[in-house]
Structure formats: structure tokens, C-alpha cells
Amino acid sequence: MNEQARPPDMSGEELADAIREEILEEIADLEEYAKLGKAPPRCRGYRFRVNRDRHEVHEDKPTRETILEAAGLTPAGDWTLRLKLSGGGYELIKPGERVDLRRPGVEKFKALPRDQTEG
Amino acid sequence: MRRQFELPEEDRAFLDAYGCPWETVVDGSPWVLLHGFATQDAGYNHDAVTAAIRIETGYPKAALDMVYFYPALARKDGRAIGATEATQSLDGKVFQRWSRHYTAANPWVVGQHNLGTHVLMVEDWLMREFEKCPAA
């Protein structure tokens, strides 16, 4: 989309968003973007690791439950989910909480079972 | 901070990022001590303690197990915490043992579990205490 094709009522920022959405329609691998220190663009899907395996979702702010379901870890209440930030620690994702996958540094997830026993 | 034995690189990286001052101490067994470890819930008698994890022979192929706290944790509401009666002398102090174990359904998996995942589970054990039995 060039300057001549810009609709007359579209601001520069809107135009930039339109271009981004037009071009970046593939799957973003979050670990790759985290290594580059860049925030992933808006994409059709987002690929990330939960523990060792890679999974995809097709929204940029999925819930904790959506991420666990994508990883086949159900029921979600049987698992904890933590977000690993590049160069940082693990942030606990609470039930119902949404994760912004386009946040810079989002690298991967760690899911751990909650069935350890006492005694 | 003492470093009386070496940990695998991924464990050192985890501990450095975790934010608690940490030590490796040999006292009968090799132990990792995390100082200022947050107890996750205001219902405990301490906001932070020292958490000790015994590094089992054969680790990281061998599973880690349980956690030990100093000073001992209790619930402010007076309710007992299950399977915490045993104690462990360590580094000149008496630690409270939280007897918590991996299950057959979700056992320790070599290459997937390590000191870092164990520490995250310890956080969850502290939180679950008040989920299963909310503060009175």
C-alpha cells in the first residue's frame, strides 16, 4: 500500500497498522522473536513451547486455559502455567488470565502438574 | 554466599534469575539453600523463609523430593499443615520438612525436570495449602 492508495480518512498510524496486518500474516515463533529482543508482529498465529513441545494458537491474547488446552494439558485446573520471559524469571499465570503474546520478551511457557502428594 | 559444590548450568541460571540469594552447602548431603524465599500467602506466620532442597545422589537423573523450611511455617489460623511434622538438622538449624512427592501419573522426567521446576512446584505447594483449606 503506497501513499497514493491511502484512503483519505486513514491516519499514518492506521496506515502502518494496515500494512503490518497485510504483510505479516504468518506464524510467529515467540522464542525466535525473544532471542532477537523484538516484539512479535500481529500474525495469523503464534508458536510457543509449553515445556518441550511446540504449539500454536491463533489469537494474540489467549487465556491460560487456551494455552494449556493447546498443549493438551487438561483439565487446566490440574496444572500450573508460568510464562518465561527472556533473561528473566517465571511469571505465574492465574486462572482466567490472558497472556499478551506480543509483549516483548515472551519466550515460552512452563506447565507443571499439581498432583504431588503429601505424606 | 557459599558455593560448596557445583550445580548444572541451567540450575545456576534459574537460581540467578529467581532473585533469592542462594548457596550450595554440604552438610551430610549436598543442599541448595534459597534465602528470603517468599511463602506465597499471607496466611503463614512468615512472609519469607530459607528453603532447602536436598540434591539427591544421581541428580539430575535422580528425582528431587520434598522441601525444608527454616524457620518452620505454621498457619496463622492455627490449622495444622499436613505432613510437616518431621525436622531436619541442617547448617546448624532445625528445618521443617514438607513431605511432598511426585506421583506415578506425573513422575520426575529426566531432561524435563530440574531444580528450577522443583522450586516452582514448591511455590505451588505453599499456595495449595490455602486452596484446599482456606484460612479460617
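Predicted model: local features only at pLDDT ≥ 70, side-chain atom pairs only at ≥ 80, totals over all residues.

Student: Why are helix 1 and helix 2 of chain B called oblique to each other?

Tutor: Helix 1 (residues 9–18) and helix 2 (residues 115–132) of chain B pack at an angle of about 40°, with their axes 8 Å apart. Helices and strands are DSSP runs numbered from the N terminus (H or I, at least four residues, for helices; E, at least two, for strands). Axes are lines fitted to C-alpha atoms, for helices over the stretch in contact, and angles run from 0 to 180 degrees between N-to-C directions. Angles under 35 degrees count as roughly parallel, over 145 as roughly antiparallel, 65 to 115 as roughly perpendicular and the rest as oblique. Helix 1 and helix 2 of chain B are therefore oblique.

Student: What makes the contact between helix 1 and helix 2 of chain B?

Tutor: Helix 1 of chain B contributes B:Asp11, B:Phe14, B:Leu15 and B:Tyr18, and helix 2 of chain B contributes B:Leu115, B:Gly116, B:Val119, B:Leu120 and B:Glu123. Contact means heavy atoms within 4.5 Å. By class, the contact has 6 nonpolar, 1 polar and 2 charged residues. Ala, Val, Leu, Ile, Met, Phe, Trp, Tyr, Cys and Pro count as nonpolar, Asp, Glu, Lys and Arg as charged, and the others, Gly among them, as polar.

Student: Which strands of chain B do these helices lie across?

Tutor: Helix 1 of chain B lies across strand 1 and strand 2 (29–38), at about 20° to strand 2. Helix 2 of chain B lies across strand 2, strand 3 (48–54), strand 4 and strand 6, at about 50° to strand 2.

Student: Why do strand 1 and strand 5 of chain B count as standing at the edges?

Tutor: In chain B, 6 strands form an open sheet in the order 1-2-3-4-6-5, with antiparallel pairing. Strand 1 (22–27) and strand 5 (87–90) of chain B each have a single partner strand, so one side of each is left without a neighbour in the sheet. Neighbouring strands of this sheet are turned by 35° against each other on average, direction ignored.

Student: How do you know that strand 4 and strand 6 of chain B pair?

Tutor: Two strands pair if DSSP finds at least two bridges between them. Strand 4 (residues 67–70) and strand 6 (residues 93–98) of chain B are joined by 3 bridges and run antiparallel; B:Tyr68 has B:Arg97 as its bridge partner in strand 6 of chain B. Strand 1 and strand 2 of chain B pair over 6 bridges, also in the antiparallel sense, and form a hairpin with 1 residue between them, where B:Gly28 in the turn has a positive phi of about 80°.

Student: In which sense do strand 1 and strand 2 of chain A run, parallel or antiparallel?

Tutor: Strand 1 (residues 27–29) and strand 2 (residues 45–50) of chain A run parallel and are joined by 3 bridges, and A:Asp29 has A:Arg47 as its bridge partner in strand 2 of chain A. Strand 2 and strand 3 (residues 53–57) of chain A, by contrast, run antiparallel over 5 bridges.

Student: What lines the largest pocket?

Tutor: The lining has 29 residues, of which A:Lys84, A:Tyr90, A:Lys108, B:Phe14 and B:Asn114 lie nearest the centre of the pocket. Helix 1 of chain B gives the most, with 6 residues. By class, the lining has 9 nonpolar, 10 polar and 10 charged residues. On a 1 Å grid over the protein atoms alone, a pocket is an open set of points where a 1.4 Å probe fits, with protein on both sides within 12 Å along at least five of seven lines, and lining residues have an atom within 4 Å of a point.

Conventions. Residues numbered from 1 in each chain as written. Chains lettered and ligands numbered in written order. Heavy atoms only, no water.
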